[in-house]
Amino acid sequence: TLQLYGDSLDQADVSLAIHNLSQCKLLGNVATAAAAAEPSGDGCIYRNAIQTCIELRTKHKLTVSVLDVGFWLHEWCVRRRDYNNAEALLIAIQSHLHPRIDNYKDLLIDLVSQRALLLSRQEKFSEAKSLLREQITKCKAVQQWNPAGRLLLQLALVLLDADRAQYAMAL
């Protein structure tokens with residue numbers, strides 16, 4: 001879509017398409033992401049997603065901000081147990097959020113999700129659960145069903161991490 005219609009799309013649509021292609025690279029949807037950029041071969045999915053995002057944003061003359069790559073860098077830091085840098089990235093991301101950003105509400109949900117991931121990895125399960133439940137309630141109130149579903153799945157993972165013997169409760 002980006003290759004075919006990139007010139008006729010507005011900046012917000014191009015930005016969203018770039019994000020989706022980078023997300024496909026991160027999640028391993030090689031068929032879709034292959035058109036975005038050549039694989040680096042180093043095996044680091046976070047690097048590949050960030051590289052794809054930066055290359056496509058540069059190609060389409062869009063600036064690259066903390067919001068474009070910050071969430072992926074944060075998740076990468078959390079999964080490597082680099083919690084100090086993860087916390088610093090969350091602060092940087094939060095400081096760049098503003099209600100005039102096109103997808104502001106979605107980014108707030110992503111921020112909560114990333115904060116809950118960090119809390120869970122730090123074994124602060126009750127804080128992570130509380131944060132996720134609060135955001136799920138907010139999503140349901142405004143009928144944001146897809147984000148609520150993603151957060152429910154994340155909550156199940158936090159419950160499972162908190163007590164692996166209670167796997168049935170997590171489901």
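Q: Which residues of α7 meet residues of α9?
A: On the α7 side they are Ile109, Asp110, Ser113, Ala116, Leu117, Ser120 and Arg121, and on the α9 side Pro147, Arg150, Leu151, Gln154, Val158 and Asp161. They count as meeting because contact is defined as heavy atoms within 4.5 Å. By class, this contact holds six nonpolar, three polar and four charged residues (nonpolar: Ala, Val, Leu, Ile, Met, Phe, Trp, Tyr, Cys and Pro; charged: Asp, Glu, Lys and Arg; polar: the others, Gly among them). The model is predicted, with local features requiring pLDDT of at least 70 and side-chain atom pairs pLDDT 80 or more, while totals for chains, interfaces and linings use all residues. Residues are numbered from 1 along each chain as its sequence is written, and side-chain values use heavy atoms, without hydrogens and water.

Q: What makes α7 and α9 roughly parallel to each other?
A: The axes of α7 (residues 104-121) and α9 (residues 145-162) cross at roughly 5 degrees and come within 11 Å. The axes are lines fitted to C-alpha atoms over the stretch in contact, with angles from 0 to 180 degrees between N-to-C directions. Angles under 35 degrees count as roughly parallel, over 145 as roughly antiparallel, 65 to 115 as roughly perpendicular and the rest as oblique. The pair α7 and α9 is therefore roughly parallel.

Q: Why are α4 and α5 called roughly antiparallel?
A: The axes of α4 (residues 45-59) and α5 cross at roughly 170 degrees and come within 10 Å. That angle places α4 and α5 in the roughly antiparallel class. Tyr46, Ala49, Ile50, Cys53, Ile54 and Arg57 of α4 meet Asp68, Val69, Trp72, Leu73, Glu75, Trp76 and Arg79 of α5. The residues of this contact comprise nine nonpolar, no polar and four charged.

Q: How many helices and strands does the protein have?
A: There are 10 helices and zero strands. Helices are DSSP runs of H or I with at least four residues, strands are runs of E with at least two, and both are numbered from the N terminus.

Q: What makes Glu123 exposed?
A: Its relative accessible area is 60%, and exposed means over 50%, buried under 20% and partly exposed in between (1.4 Å probe, protein chains only). Glu123 lies in the loop between α7 and α8 (125-141), and its phi is near 65 degrees, a positive value in a residue other than glycine. Most residues other than glycine have a negative phi.

Q: Is Gln143 buried or exposed?
A: Gln143 has 58% relative accessibility and therefore counts as exposed. Gln143 sits in the loop between α8 and α9, with a positive phi near 55 degrees.

Q: Which residues of the largest nonpolar core touch the most other members?
A: Val78, Leu111 and Leu118 do so, in a core of 14 residues. The elements giving two or more residues to this core are α5 (66-79), α6 (83-96) and α7, and α6 gives the most, with five. The set qualifies as a core because its members are buried Ala, Val, Leu, Ile, Met, Phe, Trp, Tyr or Cys residues joined through side-chain atoms within 4.5 Å. Leaving aside neighbours within four places in sequence, Leu118 is in contact with His74, Val78, Tyr83, Ala86, Glu87 and Leu90. Apart from this core lies another, of 13 residues, including Ile109, Ala116, Cys139 and Leu155.

Q: How many of the 171 residues count as buried?
A: The buried share is 39% of the 171 residues.
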